[in-house]
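Please look over the model below with these notes beside it. They go point by point, from the sheets to the ligand site and then to local backbone details.

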Amino acid sequence: MEKIVILTGAGISAESGLGTFRDAGGLWEQHRIEDVATPEGFARDPALVQRFYNARRAAAAEARPNAAHEALGRLQRDYPGEVVLVTQNVDALHEAGGARDVLHMHGELASALCAACGHRWPAPMEMQVKEPCPACDRPAGRPDIVWFGEVPYHMDEIMAHLKDCTLFAAIGTSGEVYPAAGFVQIADIAGAHSVELNLEASSVHSNFAEARLGRATEVVPLWVAELLSGH
Ligand code: APR
C-alpha cells in the first residue's frame with residue numbers, strides 16, 4: 001500500500017497572507033533570529049519575544065486556508081493509502097483546510113508551554129511576560145514554539161514514517177533548516193519517489209527526483225488531482 005509523507009513550510013501559507021522567513025521582506029529581515037527565536041533571546045528580553053509571537057498568533061488567527069491547504073486535506077481524506085502531514089509551520093491552516101493529525105515539528109502558535117513543569121495549554125491570543133502556568137502556577141509560560149537550538153517535536157514518529165514511505169513531497173520550504181531539510185534523503189534511502197513543489201528551487205532541490213515550480217495554490221491542487229485520479 002502506498003504511503004505519502006508531506007513536509008510543508010512557510011511557503012504554503014504565503015498566499016494566506018502569512019509572512020515567510022527568508023523571502024524578500026520576510027520575518028528574518030524584520031527581526032534577528034537570535035532575538036526572537038532562541039531560548040537566549042527569550043531569557044534576555046521575554047517581552048520582545050512574547051510580542052513577536054503575539055503578533056504572529058493574531059495574524060494566523062485572521063488567516064484563511066488557501067487552495068493548497070484544502071487540496072492536502074482532500075488528499076488525506078480521499079487517498080487510498082496513508083498520507084502523513086508534517087509541517088514546520090506554526091499556524092493552524094492545515095487543520096482549517098481539513099487535514100488531521102498534523103505533526104507540527106516546530107510547535108504551534110495556538111499552544112502555550114510551561115518552561116517550569118512542561119504543561120501545555122491553549123495559548124491566550126496575547127501571552128504576557130511571566131504568563132502564569134495553569135498547572136503549577138509558576139510565571140513560566142512561553143510560546144510552544146521550537147526555537148533554534150531546541151529539539152524539534154515528533155522526530156521519532158517522523159523518521160519512522162520517512163523510512164517506509166513510497167512518496168515524499170516537500171511544499172513551500174527553502175530547505176535551509178535541518179533536520180527538515182534532510183528528510184528527502186531519508187525518504188530516498190527508503191526508495192521513495194520525491195517531489196519538491198515550490199515557488200523556486202530550494203537549497204536541497206538536487207536531492208529531489210521531481211520538481212514542480214510555481215505558487216502552491218496552483219501546483220498543489222494539480223498534483224493532488226493527479227494522485228487522486230490514479231496516475
Ligand atoms: N508558493 C510556494 N512556495 C512559496 C510561495 C508560494 N506562494 N511563497 C514562497 N514560497 C517558498 C519560497 O521560495 C521558499 O523556498 O517557500 C519557501 C519559504 O522558505 P522559508 O521562508 O525559509 O520558510 P521555511 O522553509 O518554512 O523555514 C523553515 O526556518 O526560521 C525557521 O522555524 C522556522 O519553520 C521555519 C524554518
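**Notes on the fold and the ligand site**

1. Strand E4 (residues 107–114) and E6 run antiparallel and are joined by 4 bridges. Within that pairing, Leu 113 faces Arg 142 of E6. Strands here are DSSP runs of E, at least two residues long, and helices are runs of H or I, at least four residues long, both numbered from the N terminus. Two strands count as paired if DSSP finds at least two bridges between them.

2. A word on the basis. This is a predicted model, with local features requiring pLDDT of at least 70 and side-chain atom pairs pLDDT 80 or more, while totals for chains, interfaces and linings use all residues. Residues are numbered from 1 along each chain as its sequence is written, and side-chain values use heavy atoms, without hydrogens or water.

3. Which strands make up the antiparallel sheet? It is an open sheet of 3 strands, ordered E5-E4-E6. Strand E5 (120–122) and strand E6 (141–145) are its edges, each pairing on one side only. Neighbouring strands are turned by 45° against each other on average, direction ignored. Helix H4 (residues 46–62) packs on this sheet. H4 touches E4 and E6, and its direction makes about 55° with that of E6. Contact means heavy atoms within 4.5 Å. Axes are lines fitted to C-alpha atoms, for helices over the stretch in contact, with angles from 0 to 180 degrees between N-to-C directions.

4. The parallel sheet is also open. Its 6 strands run in the order E3-E2-E1-E7-E8-E9. Strand E2 (residues 82–87) pairs with E3 in the parallel sense over 2 bridges. Val 86 stands opposite Leu 103 of E3.

5. How many residues surround the ligand? There are 23, and the closest are Ala 10, Phe 21, Arg 22, Thr 173 and Ser 174. The shell divides into 8 nonpolar, 10 polar and 5 charged residues. Ala, Val, Leu, Ile, Met, Phe, Trp, Tyr, Cys and Pro count as nonpolar, Asp, Glu, Lys and Arg as charged, and the others, Gly among them, as polar.

6. Polar contacts (pairs of N or O atoms within 3.5 Å) deserve a check. A side-chain N or O atom of Ser 174 lies 2.6 Å from a ligand oxygen. For a backbone N or O atom of Ala 10, the distance to a ligand oxygen is 2.8 Å. For a side-chain N or O atom of His 106, it is 2.9 Å. The protein covers 94% of the 730 Å² of accessible area that the ligand has on its own. Areas come from the Shrake-Rupley method with a 1.4 Å probe.

7. Two backbone details need a look. The peptide bond from Tyr 178 to Pro 179 is cis, with omega near 5°. Pro 179 lies in the loop between E7 and helix H8 (183–189). Asp 101 has a positive phi, near 50°. Asp 101 sits in the loop between helix H6 (93–96) and E3. Most residues other than glycine have a negative phi, and most peptide bonds are trans.

Notes. A residue is near a molecule or strand if one of its heavy atoms lies within 4 Å of it. A polar contact is a pair of N or O atoms within 3.5 Å; within protein, one must be able to donate a hydrogen and the other to accept it, and residues adjacent in sequence count only if both atoms are side-chain atoms.
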